[in-house]
Each structure stands twice: as C-alpha cells, then as structure tokens.
Amino acid sequence: MSGVVEARIAELGLTLPGVVPPLAAYRPAIQSGVYVYTAGQLPMVDGKLPVTGKVGAEVTPEEAKDLARTCALNALAAVKSVAGELDRIARVVKVTGFVASAPDFTGQPTVLNGASELLGEVLGDKGVHARSAVGVAVLPLDAPVEVEIQVELLPQ
C-alpha cells in the first residue's frame, strides 16, 4: 500500500485489485501526455464476473450500481499500472459507462452513479468528472456494466 489515495481506498474497506488482464488485443490503460485512458473495465472480481445478464431483467439496478463501483476500482488499478501512483491523479476528466439494458430499462445514469460516487469517495474533488451513460444490447462476457475513465496526471 502506498499513497494517500490507496490509504483512502483502504479506509473505505476496499482493496485495489490487480489489473484485469485484457480479453482481446488491447492494453488496460495507455498514457498519452498528461492523460491516461483506460480500456473499458468489466466488474471482474478474482478473474470472474460475479453476475451476468441485462440490467432491468436478470440484474437489478442496485446490483448494477455496485458492479459499476467495481468497474471504477478496476479502472483505478489500470491507471496505477501506467501512472505508477494514484496520487499522481490531478483529476478524473471523463467517465463513460455502458449498461447492458433490458429493452425498457432507462436507469443507466443511476447505475453509473456507482462508478461516479466511488471516484468521489476515493479522490474527493479530483474525482468530479464529465460522464456519459449509455444503454447497450450486450457487453463482453454478458457483463451487466462496463466503465472506462480518462484521468489527467500531475507531473512527476
């Protein structure tokens, strides 16, 4: 454990996971200048999805919100893998979330609040960001939610 941000994660009773290995031909995160862009992060826990299916059908909105928190934590792990330390985050610039939705489900913003709230709890004002919440027909591995983040880093 190192740094203020990781100490805050621990205070919240959470553990920063290892980086989720890519499912295809991409990297979990890439740095370009002062920005880190993560690939879409699924709510993987110990290499598995805890639940699969569509939100509003097999998965409740409350379950999906918790899964979005897990996605955000996985995204922070991906950021750390390139930035070295989470304390280098100047701010979260943008969060994009995808919700595998039943045809009549319209609560995508509420689901994505799970990711947004986690980033705020962990990073304070640095976690305030712009966001898109998109409903989709299906996600990889039949995941209910996927989240990607873009962060600006402080200079080393």
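Leu154 counts as partly exposed because its relative accessibility is 36%; the class lies between buried, under 20% relative accessible area, and exposed, over 50%, with a 1.4 Å probe and protein chains only. This is a predicted model, where local features need pLDDT of at least 70, side-chain atom pairs count only at pLDDT 80 or more, and totals for chains, interfaces and linings use all residues. Residues are numbered from 1 along each chain as its sequence is written, and side-chain values use heavy atoms, with hydrogens and water left out.

Leu154 sits in the segment after strand 5; strands here are DSSP E runs of at least two residues, helices H or I runs of at least four, numbered from the N terminus. What does Leu154 touch, leaving aside neighbours within four places in sequence? Asp87, Arg88, Ile89 and Ala90, where contact means heavy atoms within 4.5 Å. Thr38 is 116 residues away from Leu154 in sequence, and the two C-alpha atoms are 17 Å apart.

Now strand 5 itself, residues 145–153. Strand 3, residues 89–100, pairs with strand 5 in the antiparallel sense over 9 bridges; pairing requires that DSSP finds at least two bridges between the strands. In that pairing, Glu148 of strand 5 stands opposite Thr96. Strand 2, residues 35–38, is also antiparallel to strand 5, over 3 bridges, and Val36 has Val151 as its bridge partner there.
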